[in-house]
Amino acid sequence: MSDLHIRMASRGGDVTAAVVARCAAEVPYYRDLSPRVIEGEVARSIAAVHGLLLRTLRDGGEVGRGDLALLIEWSARRAEDRVPLEAVTAAYLIGAQAWWRVLVEAAEPGELADAGAHLLSCLYSALPAVVLAHRQTLEDLHSEDKRVRRALLSALLEGRPYTEAARAAGIEVSGGYEVVAFSFEDDPPTRSVQSCLDACTGVPVLMDHVAGIALLPGRPDLPDLVAALARDVGPLVAAAAPAGEPADVPAAAAEAGRVLDLVRRLGRPPGFYRLDDVLLEHQLARPGEALHRLAAKLDPLDPHPYLLETLRVFTDHGHNRRRAALALHIHRNTLDYRLQRVGALTGLDVAVPAQARLLQAALTARDLL
């Protein structure tokens, strides 16, 4: 193989130029690089791999441990530079094709079969090591990214200094946020939730997946975002509060958490909520004797659960008798009779607006308690 090694060494510039040209034309990552980077760093890397192949061709063996260590180091460096793994493997395969074309031209007929087998052996040894090193480095980087992002989110939620954490995370903290608290029915994978949030906002979203709270920069369309999440990961309840600046994040997080807790206690359907959606209920939820006394207004209905159900359906349908009767599958006369019974037992008449509001508040108080 020594003569072939010399002939291939003389064609090193041709191999490097061919690989550089094809990478720049065919691989999206390399296509987006500047000519200076392509002709400099990328060309030097390709020439280095070419030199490695020449050494193995000269020695007539597989990729040696030293050269394998170099490949692993180079792959880790590419991962640290955020070069996509698919771009790295594409470059190796393009390089193998270019090497084979020059081999066909440079090798004597009796040399070509051994040289081809040698090339495949090198790929067999090199590519798994390159891929593994790349993935391990990306996992390490991803873990570190998550750590610094969690540190930044914790600092913002707790009202602590965040400048250093923001610098480490590479995130600019400025302007307002929507602080959103989530409760998922089906416990979806965190990666699915994070991917959907990132896609909907167009930026990496800071989220604590254990606590179920996220900071969404700017003023995103939250009802649409929650609907998209529901389509992707299943039913959920989300509550949000605005933070005009980073210093407002802790208070907004507390408000979003209270609204989410209130909505869940009330058994509201999945969807998106703000404090204004449960303002009366929020006020009623304040602890005290008044809440118990309000709930007690409906105690006379406890022996008659169908009357309590009738009152709830009637209230939920906006005091519309026709719709309530349809929902209960009863005649309107039966509905009227039941509502009269509610009035007789509680002393509160649904036909009197002030008393009807009191009955509705009493239902909410019972839900809260």
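Q: How many residues apart in helix 5 are Arg-77 and Glu-73?
A: This is a predicted model. Both Arg-77 and Glu-73 sit in helix 5, with about one turn of the helix between them. That spacing comes to 4 residues.

Q: How far apart are the closest N and O atoms of Arg-77 and Glu-73?
A: A salt bridge needs a side-chain nitrogen of Lys or Arg within 4 Å of a carboxyl oxygen of Asp or Glu. Arg-77 and Glu-73 form such a bridge. Their closest N and O atoms are apart by 2.6 Å.

Q: Is Arg-78 buried or exposed?
A: Arg-78 also lies in helix 5, which covers residues 65-80. The cut-off for buried is under 20% relative accessible area. Arg-78 has 15%, so Arg-78 is buried.

Q: Which residues is Arg-78 in contact with, leaving aside its neighbours within four places in sequence?
A: Contact means heavy atoms within 4.5 Å. Sequence neighbours within four places are left out for Arg-78. The remaining partners are Glu-41, Ser-45, Val-83, Val-88 and His-134.

Q: In which helix do Arg-265 and Asp-261 lie?
A: The side chains of Arg-265 and Asp-261 meet in a salt bridge, at 3.7 Å from N to O. The two residues are 4 apart, so about one helical turn separates them. They lie in residues 249-266, which is helix 11.

Q: What is the relative accessible area of Asp-261?
A: Partly exposed covers the range between buried, under 20%, and exposed, over 50%. Arg-265 is partly exposed at 36%. Asp-261 is partly exposed too, with a relative accessible area of 40%.

Q: How many residues apart in sequence are the parts that Arg-321 and Asp-336 tie together?
A: The side chains of Arg-321 and Asp-336 meet in a salt bridge, at 2.6 Å from N to O. Arg-321 lies in helix 15 (residues 321-328), while Asp-336 lies in helix 16 (residues 332-346). The pair therefore ties together parts whose separation in sequence is 15 residues.

Q: Is Asp-336 buried, partly exposed or exposed?
A: A residue counts as buried under 20% and as exposed over 50%. Arg-321 is at 27% and counts as partly exposed. Asp-336 is at 24%, so Asp-336 counts as partly exposed.

Q: Which residues are linked with Arg-11 in a network of salt bridges?
A: The count for the protein comes to 15 salt bridges. Arg-11 belongs to a network of such bridges.

Q: Where is Asp-187 found?
A: Asp-187 has a phi near 50°, a positive value in a residue other than glycine. Asp-187 is exposed, with a relative accessible area of 67%. Strand 1 (177-184) lies on one side and helix 9 (190-201) on the other, so the place is the loop between strand 1 and helix 9.

Q: What is the phi of His-319?
A: His-319 is found in the loop between helix 14 (305-316) and helix 15. At 30% relative accessibility, His-319 counts as partly exposed. His-319 is not a glycine, yet its phi is positive, at about 60°.

Q: Which residues is Ser-183 in contact with, leaving aside its neighbours within four places in sequence?
A: Ser-183 lies in strand 1. Ser-183 is buried, with a relative accessible area of 15%. Beyond its sequence neighbours, the contacts are Leu-236, Val-237, Leu-260 and Arg-264.

Q: What radius of gyration does the protein have?
A: The C-alpha trace spans about 110 × 50 × 30 Å along its principal axes. A compact globule of 369 residues would have a radius of gyration near 21 Å. The protein has 34 Å.

Q: How many helices and strands does the secondary structure come to?
A: Helix 5 holds Arg-78, and strand 1 holds Ser-183. Across the protein, the secondary structure comes to 17 helices and 5 strands.

Methods
Residues are numbered from 1 along each chain as its sequence is written. This is a predicted model: local features need pLDDT of at least 70, side-chain atom pairs count only at pLDDT 80 or more; totals for chains, interfaces and linings use all residues. Side-chain values use heavy atoms; hydrogens and water are left out. The radius of gyration is taken over C-alpha atoms; the globule rule is 2.2 Å times the number of residues to the power 0.38. Buried means under 20% relative accessible area, exposed over 50%, partly exposed in between (1.4 Å probe, protein chains only).
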